[in-house]
Amino acid sequence: MLNKPTQRFSSLVHRLDDQARANRRRQLSVHQGDGTGLIDAGGNRLINFGSNDYLGLVADSIVTVSSENLGATASPLVCGWSPEHERLRDAICHLEQTESAVVFASGYAACSGTIATLAIDGDLILSDQLNHASLIDGCRLARSQTVVYPHRDVNFVDDHLRRYRGEYHDVWLVTDSVFSMDGDVAPLIPLIEIASRYNAYLVVDEAHATGVLGDRGSGLCEAMGVADRVDVRIGTLSKAVGCQGGFAAGPKVVIDTLIQSCRSLIFSTALSPVIANAACGIVELLPRMADRRRRVAEHAKRLREGIAAHVKHDPIEQAIPIVPVITGSDLSALQASERLHYQGCWVPAIRPPTVPRDQSRLRISLSAAHDCEQISRLIDALSALPD
């Protein structure tokens, strides 16, 4: 179901109207690069004086992949938004069932830029303690006040808003959907209820859930049946999708605000058209990849049972292909990783500041491409580690 414009985003509407009256409203236009020429959306051929292709490598087709231009040559608002980007945008909208979307050059740019743009002076951000660094940096860049709440502590969020909601204009609840170092999931339903109670907006980063969760593979919001109640979703094209780039999806007024003001979108060269084309093909196929989602979920459940990992009763969490093994000290994590290396398994040691002090760990990432024999070998190697 498409997100329908509502008065809940009235402040964004006013911001866009003010920019339009000042003749500063930006719009994305499709451009097709052709050598030193440019073909606009109307089919008109122009000489391209907007590109950053300083050495002419793209124009001369020296840098190509399968006869396609590799470089976008400019930011999306100059001439870097190609037909490939437009198709990818449409595919993301279809997957996420949202009114609009926009593509970034990276997932990091999507997360940091979206948060920094939407939250302004006079607003409040409530951010989960274990959110990804890109979300944390977005909070730091925003001109609003940020309060970091204890991991998944919805009572803290509710209590803070009960006491202080009246001091702020807009409130933004920001969370990962799947937390990348722990493999657990955000309490989306309570957060949605809190957002409704206090007239706040919920922003969810689906980076580790896109492609993996949900019947159609759009992520945790779909898997929990709450996609139409989450205001803004952010995702990456570099994990399950296997390409590169990031996106934000949601109501048109939100995406228009990002196009108008998001610095990581406006001042970065657009994603390569070749990558956009490849990513589009995968995004379109995600709903038909249920077998792969089921296979990796089975691997995750089997591994957790095989190493007696912390029991996860939630069937969604059982299927998360991120399995941490907490070792404690930095040295113990390194030594465990080295022992696994000798057993023919590459499992990275994760240490602070990526994780809290004294919570160093092995972080196991599973793939549908793994076979049962490989999972068994990993279980045996992990079981042989000293306590």
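Reply: Start with Arg 89. Its relative accessible area is 18%, so Arg 89 is buried. Buried means under 20%. Keep in mind that this is a predicted model.

Me: What makes Asp 90 partly exposed?

Reply: Its relative accessible area is 41%.

Me: Why is the link between Arg 89 and Asp 90 called a salt bridge?

Reply: Their side chains meet at 2.8 Å, N to O. The cut-off is within 4 Å, so the pair qualifies. In total, the structure holds 16 salt bridges.

Me: What does the salt bridge between Arg 152 and Glu 317 tie together?

Reply: The N to O distance there is 2.9 Å. Arg 152 lies in the loop between E8 and helix H6, and Glu 317 in helix H13, so the pair ties together parts that are 165 residues apart in sequence. Arg 152 is partly exposed at 34% relative accessibility, whereas Glu 317 is buried at 9%.

Me: How do you know that Asp 159 and Arg 162 are separated by about one helical turn?

Reply: Both are in helix H6, three residues apart. An α-helix has 3.6 residues a turn. Asp 159 and Arg 162 also form a salt bridge, with the closest N and O atoms 2.3 Å apart. Arg 162 counts as exposed because its relative accessible area is 54%, and exposed means over 50%.

Me: How do you know that the span of helix H3 agrees with its number of residues?

Reply: At 1.5 Å a residue, its 14 residues should span 20 Å. The end C-alpha atoms are 20 Å apart, so the two agree.

Me: What makes H3 mostly covered?

Reply: Ten of its 14 residues are buried. Among them are Leu 88, Arg 89 and Ile 92. After H3 comes Gln 97, with a positive phi near 55°.

Me: Why are strands E6 and E8 said to stand at the edges of the sheet?

Reply: The open sheet has seven strands, in the order E6-E12-E11-E10-E9-E7-E8. E6 and E8 each have a single partner strand, so one side of each is left without a neighbour in the sheet.

Me: What makes E6 and E12 a pair?

Reply: Five bridges join these antiparallel strands. At least two are needed, so E6 and E12 pair. One of the bridges has Phe 104 and Gly 246 as partners.

Methods: Residues are numbered from 1 along each chain as its sequence is written. This is a predicted model: local features need pLDDT of at least 70, side-chain atom pairs count only at pLDDT 80 or more; totals for chains, interfaces and linings use all residues. Side-chain values use heavy atoms; hydrogens and water are left out. Helices (H or I, at least four residues) and strands (E, at least two) are DSSP runs, numbered from the N terminus. The expected span of a helix is 1.5 Å times one less than its number of residues. Buried means under 20% relative accessible area, exposed over 50%, partly exposed in between (1.4 Å probe, protein chains only).
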